[in-house]
Amino acid sequence: MTRVWLVPILLLVSGAAAGGGLIARGSTGEGAVLLLAFALFAGLHSPLVFPRSIGVAEARRRSEADGRPIVFWRPGCAYCLRLRFRLRRRARRLHWVDIWRDPDAAAEVRAANDGNETVPTVVVAGKPHTNPDPAWVREQLVAARRRG
């Protein structure tokens with residue numbers, strides 16, 4: 001659990017130190033902007049910007065029932081963040097699995113990526129796709145909706 005929050009906490013602490021130092025030297029505006037920038041980056045690297053994660057077993061069960069893709073991700077991954085924001089509200093329809101919270105999910109990602117924990121790995125109809133284009137993932141959601 002702490003691994004998930006390590007980067008956001010370090011960003012907040014660094015921002016507080018840097019911003020606080022500038023504020024203490026009399027550069028209140030610059031310090032506030034720097035602190036806000038670090039807080040924004042911390043938020044973007046936290047699990048809060050992603051839909052709620054579920055376990056890999058539950059994701060498989062749900063995907064088999066509704067045909068929607070499974071997305072394996074981890075906090076701090078710029079490519080996962082890109083996928084999340086490019087999908088916009090549609091991202092909530094996917095089944096998101098945090099590989100740092102689920103060891104079985106991490107093992108599945110390693111098996112699909114030659115031993116590497118490369119994310120996002122999107123599983124559609126049982127077939128893994130590593131770092132797919134968000135437009136392609138959007139098409140898979142539309143196709144799943146038509147089938148279901």
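**Buried residues, a core and a pocket**

Me: Why is Cys-77 called buried?
Reply: In this predicted model, Cys-77 has a relative accessible area of 5%. Buried means under 20%, so Cys-77 counts as buried.

Me: And what makes Cys-80 buried?
Reply: The relative accessible area of Cys-80 is 0%, and the cut-off is under 20%, so Cys-80 is buried too.

Me: Good to know! Why is Ser-63 called buried?
Reply: Ser-63 has a relative accessible area of 13%, and under 20% is what buried requires, so Ser-63 qualifies. Ser-63 sits in helix α3 (residues 56-66). Leaving aside residues up to four places away in sequence, Ser-63 touches Arg-68, Ile-70 and His-95.

Me: Which residues are closest to the centre of the largest pocket?
Reply: The pocket has about 210 Å³ of space. Of its 16 lining residues, Ser-63, Ile-70, Val-123, Ala-125 and Gly-126 are the closest to the centre. The lining divides into eight nonpolar, four polar and four charged residues, with α3, β1, α5 and β3 each supplying at least two.

Me: Which residues touch the most other members of the largest nonpolar core?
Reply: Phe-72, Trp-96 and Val-97, out of 28 residues. Elements that each supply at least two core residues include β1 (70-73), α4 (78-87) and β2 (95-98). In soluble globular proteins, nonpolar side chains tend to be buried together.

Definitions and conventions. Residues are numbered from 1 along each chain as its sequence is written. This is a predicted model: local features need pLDDT of at least 70, side-chain atom pairs count only at pLDDT 80 or more; totals for chains, interfaces and linings use all residues. Side-chain values use heavy atoms; hydrogens and water are left out. Helices (H or I, at least four residues) and strands (E, at least two) are DSSP runs, numbered from the N terminus. Buried means under 20% relative accessible area, exposed over 50%, partly exposed in between (1.4 Å probe, protein chains only). Contact means heavy atoms within 4.5 Å. A nonpolar core is a set of buried Ala, Val, Leu, Ile, Met, Phe, Trp, Tyr and Cys residues joined through side-chain atoms within 4.5 Å. On a 1 Å grid over the protein atoms alone, a cavity is a set of points where a 1.4 Å probe fits but cannot get out, and a pocket is an open set with protein on both sides within 12 Å along at least five of seven lines; lining residues have an atom within 4 Å of a point. Grid points are joined across faces, edges and corners, and a volume is the space filled by probe spheres set on the points. Ala, Val, Leu, Ile, Met, Phe, Trp, Tyr, Cys and Pro count as nonpolar, Asp, Glu, Lys and Arg as charged, and the others, Gly among them, as polar.
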